[in-house]
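Keep the structure open as you read.

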Amino acid sequence: MTSVLTVRGLSRSYTASSAPWKKNRKLRALVNINFDLEKGKTLAIVGESGCGKTTLTKQITFIEEPDAGEIFLDGTLIRYRNKYQVRKIRHKIQMVFQNPYSSLNPRQKIFNQIEEPLRINTQNKKAARMERVHAMMTKVGLPIEYGFRYPHMFSGGQCQRIAIAKAMILNPEILIADEPTSALDVSIQAQILNLFMDLQEEFGTAYVFISHNLSVVEHIANDVIVMYLGQIVEQSDKRSLFKRPLHPYTQALLSATPFLDPKKRQIKIKISGELPSLLNPPTGCSFHERCPYATKRCIHEEPALRQMDSHLVACHFAEKINS
């Protein structure tokens with residue numbers, strides 16, 4: 001398969017200001033991120049709050065410039081400081097946000113909001129734009145008459161359908177969904193996930209799906225990246241990761257995930273302690289302070305992300321733990 005998005009060595013840090021008499025400190029939000037996103041496939045990125053998921057989306061949507069690393073779109077290197085190049089390709093990457101209400105303009109009718117990307121990025125006349133809007137509203141399950149209403153007149157699930165229609169109206173190559181179902185009722189979540197999958201099948205759009213809900217990830221993803229403190233600790237195809245997670249952090253996340261199927265339920269693995277501060281990350285393995293298998297080596301030596309079976313895993317003792 002062809003990679004529509006390739007990320008190599010992506011890193012991002014921020015300067016954390018403190019008291020005037022103290023020296024500013026660096027906050028490492030992303031460290032050496034690498035992955036490929038194939039056309040028509042879904043890459044899920046999971047982890048606790050603060051692991052760097054949202055920061056990563058800011059880099060691959062060109063909202064922020066990384067400190068290091070490269071991003072290739074359709075094989076072409078994207079240079080952040082080339083504003084013409086970024087503006088030319090920005091419409092190819094669209095985003096659906098967590099809160100559907102905050103992503104819509106409360107003062108605009110739905111027709112105008114879904115039409116806006118066409119108005120900005122195409123030369124189509126009004127009639128052609130509205131024809132496209134009507135067709136997209138039908139695809140996401142919204143009656144045409146809803147276009148004359150305002151966002152406050154809709155439920156959360158309906159607003160998310162509007163946001164999806166707005167994101168898909170330009171037929172983007174990549175859609176980034178940042179926790180798109182976490183603010184919705186469980187019954188509505190299934191409908192929205194099925195809508196994502198139907199649109200992907202029809203348009204061939206590649207998804208980057210950000211989530212902390214592994215039940216959702218199992219339903220929609222093809223490949224999974226597990227992040228911890230801005231680093232990738234495990235990377236694999238979905239089936240292999242759910243069948244045999246190799247990193248202790250991934251094992252703990254899966255053990256905490258509720259499954260209706262008794263065969264999928266696992267013995268609960270308790271993670272002790274709190275997520276460390278990015279201003280003062282642990283030495284060695286970033287997970288060693290909370291890992292039940294940590295040794296002195298883990299404290300002093302940072303594990304490399306290495307190949308094990310069909311996984312990439314950053315753990316010194318992955319073989320021993322999973323033997």
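How much space lies in the largest cavity? The answer is about 90 Å³. This is a predicted model, and the values here are computed from it. The count of cavities of 30 Å³ or more comes to one. Its lining holds 13 residues. Nearest the centre of the largest cavity lie Pro 248, Cys 285, Cys 291, Cys 298 and Cys 315. By class, that lining has 10 nonpolar residues and three polar ones, with no charged residues.

Now turn to the open space. A probe the size of a water molecule, rolled over the atoms, shows where empty space is left. The largest pocket has a volume of about 450 Å³. Its lining takes 18 residues, and Ile 93, Gln 94, Met 95, Phe 97 and Lys 166 lie nearest the centre. The lining of the largest pocket divides into 10 nonpolar, five polar and three charged residues.

Two of those elements also meet each other. How do H3 and H5 run, roughly parallel or roughly antiparallel? Their axes come within 7 Å and cross at roughly 30°. Angles under 35 degrees count as roughly parallel, so H3 and H5 are roughly parallel to each other. On the H3 side, Ile 110, Gln 113, Ile 114, Glu 116 and Pro 117 make the contact. They meet Ile 162, Ala 165 and Lys 166 of H5. The residues of this contact divide into five nonpolar, one polar and two charged.

Strands of a sheet pair through backbone hydrogen bonds, either parallel or antiparallel. Here eight strands form an open sheet with mixed pairing. The order is E6-E7-E8-E3-E9-E10-E12-E11. E6 and strand E11 (306–308) are the edge strands, each pairing on one side only. Neighbouring strands are turned by 20° against each other on average, direction ignored.

Helices pack on this sheet. Helix H1 (residues 53–60) touches strand E3 (42–46), E6, strand E7 (174–178), strand E8 (206–211) and strand E9 (223–228). The direction of H1 makes about 155° with that of E8. Helix H6 (residues 186–203) lies across E3, E6, E7 and E8 and runs at about 160° to E8.

Finally, look at one strand pair. Strand E10 (residues 231–237) and strand E12 (residues 311–313) pair in the antiparallel sense over two bridges. Glu 234 has Val 313 in E12 as its bridge partner.

Key. Residues are numbered from 1 along each chain as its sequence is written. This is a predicted model: local features need pLDDT of at least 70, side-chain atom pairs count only at pLDDT 80 or more; totals for chains, interfaces and linings use all residues. Side-chain values use heavy atoms; hydrogens and water are left out. On a 1 Å grid over the protein atoms alone, a cavity is a set of points where a 1.4 Å probe fits but cannot get out, and a pocket is an open set with protein on both sides within 12 Å along at least five of seven lines; lining residues have an atom within 4 Å of a point. Grid points are joined across faces, edges and corners, and a volume is the space filled by probe spheres set on the points. Ala, Val, Leu, Ile, Met, Phe, Trp, Tyr, Cys and Pro count as nonpolar, Asp, Glu, Lys and Arg as charged, and the others, Gly among them, as polar. Axes are lines fitted to C-alpha atoms, for helices over the stretch in contact, and angles run from 0 to 180 degrees between N-to-C directions. Helices (H or I, at least four residues) and strands (E, at least two) are DSSP runs, numbered from the N terminus. Angles under 35 degrees count as roughly parallel, over 145 as roughly antiparallel, 65 to 115 as roughly perpendicular and the rest as oblique. Contact means heavy atoms within 4.5 Å. Two strands pair if DSSP finds at least two bridges between them.
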